[in-house]
Amino acid sequence: MLKLKIYMAIVALVVACAPALHAIDVTSTAPGTLRSAVDNPGSVTSLRISGPVDASDLFFIAREMPALTSLDLGGADIREYRGRAIAGRTGYAAGLIPQNLMADHSLTSLTLPQGDGVVIGAGAFARNPLAALTIGAGVKAVGDGAFMGCENLRSATIGAAAVGAGAFASCPALERVTLSAAGTALDAAAFADNAALTAIDGAARVSVVGPSAFRGCTALKAFDFGTALHTVGEGAFSGSGLVKADLSGCTALDSIGAWAFAGMPALTEARLGSAPRVGDGVVFMCPALERFTPSDATDRIGAYAYVHDRRLLAEDILPEGTRIIGAHALHGLSTLTELTLPSTTEKIGDGAMAGMTGLKSISSEAADVPALGSEVWRGVDQPSVTLTVPTGSADDYRAADQWQRFHIIEYSGIDDIAGDEAGTTAPDVRGRFAGRELQVEATGADIARIALHDASGLLLLALEPYDSRVAIDTEGMMTRIYIVAVTLADGRTATLKLARR
C-alpha cells in the first residue's frame, strides 16, 4: 500500500511539473528570432505567426513543436535564408516553405501565407491529418507530393496556377476540389488514386492535365473541358469514372496523350475535338462507350484505339481523311456488323480488325487497295462478309493478300438516268441524311417506288409513295451505309449510296 502511495505521488509530481499544452500568437520582429520568442515549444498545440520569418524559424516549428495541431502562417512573411546548413542546405529562397518541412506531422488545421510568390515545397505537408485546406492566390506553386497521403482531407480550394506531381495523390477522403487560378496546370498524378473525388469546380480553367492526373478517380463522373486546355497527358483520366469526355470546344488543344481515357467503365461518349496529336489507345477498353468522334485534325487512328469497346457504334470512328489505322485499333469489336473504310485509307496495321466476328459487310471507298499489316482480319469469317469496292478496283482487291478472301463486289455510285426518246431533260434524284431522317427528292417525275438495302444487299424497307419527296426515319435501323434504289413514275431508275453520320 505504501509503495502504491509513493507511486501515485511521483505521478502527481510529474504531471504538476509538466508544462501545460497551450496556444500562442507570436509577432516576429526579425527573421530567425522565433526560437527566442517561444517558451516550452514542445507544449504548443496552436501557433499563429505574423511578421518576418525565415527557414530557420520554419524548421524550429517542425522539429521542436511535436504537439502542434494548428498552424497559422497567414500573417507570416517568409524571407530569404543564408547561414548554417539546415536539412543539408545553407540557403532557402524567400517565399519558400521547404520540402518535407512538416511531412508526417499532426496538423489538423493549416493557414498558409497570404503574400505573393509563395512556393510550397515538395512533400511539405504530406501525410498530415488535415480535414480541409485553402491555398490562396498568393501561392505561386504547390510542389510535388506537397499534400500526398493526407488521409483525412475532404476538400481543397487551390488558387495556385501550378500543382505539382502527386501533390494531392492518395488522399482517400478527398471529395471536392476547387480550382480558382486561370490557366491552372496539373502535373503528373496530381490527384491520382483519390477514389472519393466527385467534383472539380473550376475545371474549365485548367490548361494542362498531366499524365495520370486523375488516374483511378472512380467517383469523378464529370469534368468541364474548357477553352484554356491545350494538353491532356498520357493516362490522364485512365480508370476514372467519367461518363462523357467532350473536348470539342477546346480550341487551344494541342495534344492528347496515349491511354488518356483508357479503362473507364462508365464512359459512354468521347469527342476529341481538333487535337493535332493523339496518342495510342485513347479509349482503350471502355466497355460502355457508344459514341466516339476522333480528332478532325489528324489522319491517324492510333494503335489499340477502340480495343474491346463492344458497344461502340460504327458512326464516325473512321472519318473521311483517315490515312492510317493503327495496329489492333478495332480489335474485338465483335458487335459491329458493318464498317466503312474512307477513300483516304492507305494502311491498316497488324490485327487492326481482328476479332470483329459480327461483321457482315465492309464498304471500302478507297480506289487504291490499302496496304495491310499481318493478320488484320484474324477471327473474321471473311468469305461470308461482303466487301463493296469502287468501280474498276475489284480485280486489284481480289489480287491483294488478305483482301481476296472477302466476297467482293463493285459499286459504281449513282446510276445514270437516260432521257426519254423525245430528248427531254433527265430527272434528277438526290438523297441526304438530316440526322436520322433519310430525305430523297426527285425532279421531273414522282418517285413510284423506293427500296432501302444495307451494304450487303439485305432489303430493309420498301415504299410506293408516288410523290416527289420522301422522308424515312431510320432511327430503328442499325446500319450506317444505305443502298437506295429509286424507281420513278415514268419507269426510269436511280441507285444512291448514302452514309448516315
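The cover over the buried residues of helix 3 includes helix 2 (34–37), strand 2 (44–53), strand 3 (70–78), strand 4 (81–86), strand 5 (89–92) and strand 6 (96–97), where contact means heavy atoms within 4.5 Å. Helices (H or I, at least four residues) and strands (E, at least two) are DSSP runs, numbered from the N terminus. Helix 3 spans residues 55–64, and seven of its ten residues are buried, a label for under 20% relative accessible area (1.4 Å probe, protein chains only). These are Ala55, Asp57, Leu58, Phe59, Phe60, Ile61 and Ala62. The model is a predicted one: local features need pLDDT of at least 70, side-chain atom pairs count only at pLDDT 80 or more, and totals for chains, interfaces and linings use all residues. Residues are numbered from 1 along each chain as its sequence is written, and side-chain values use heavy atoms, with hydrogens and water left out.

Five antiparallel bridges link strand 32 (residues 437–443) to strand 35, and glutamate 441 has arginine 469 of strand 35 as its bridge partner.

Threonine 345 sits in the loop between strand 25 (338–341) and strand 26 (347–348). Its relative accessible area is 4%, so threonine 345 is buried. Leaving aside residues up to four places away in sequence, threonine 345 touches Thr322, Arg323, Ile325, Ala366, Asp368 and Pro370.

Note on methods. Buried means under 20% relative accessible area, exposed over 50%, partly exposed in between (1.4 Å probe, protein chains only). Two strands pair if DSSP finds at least two bridges between them.
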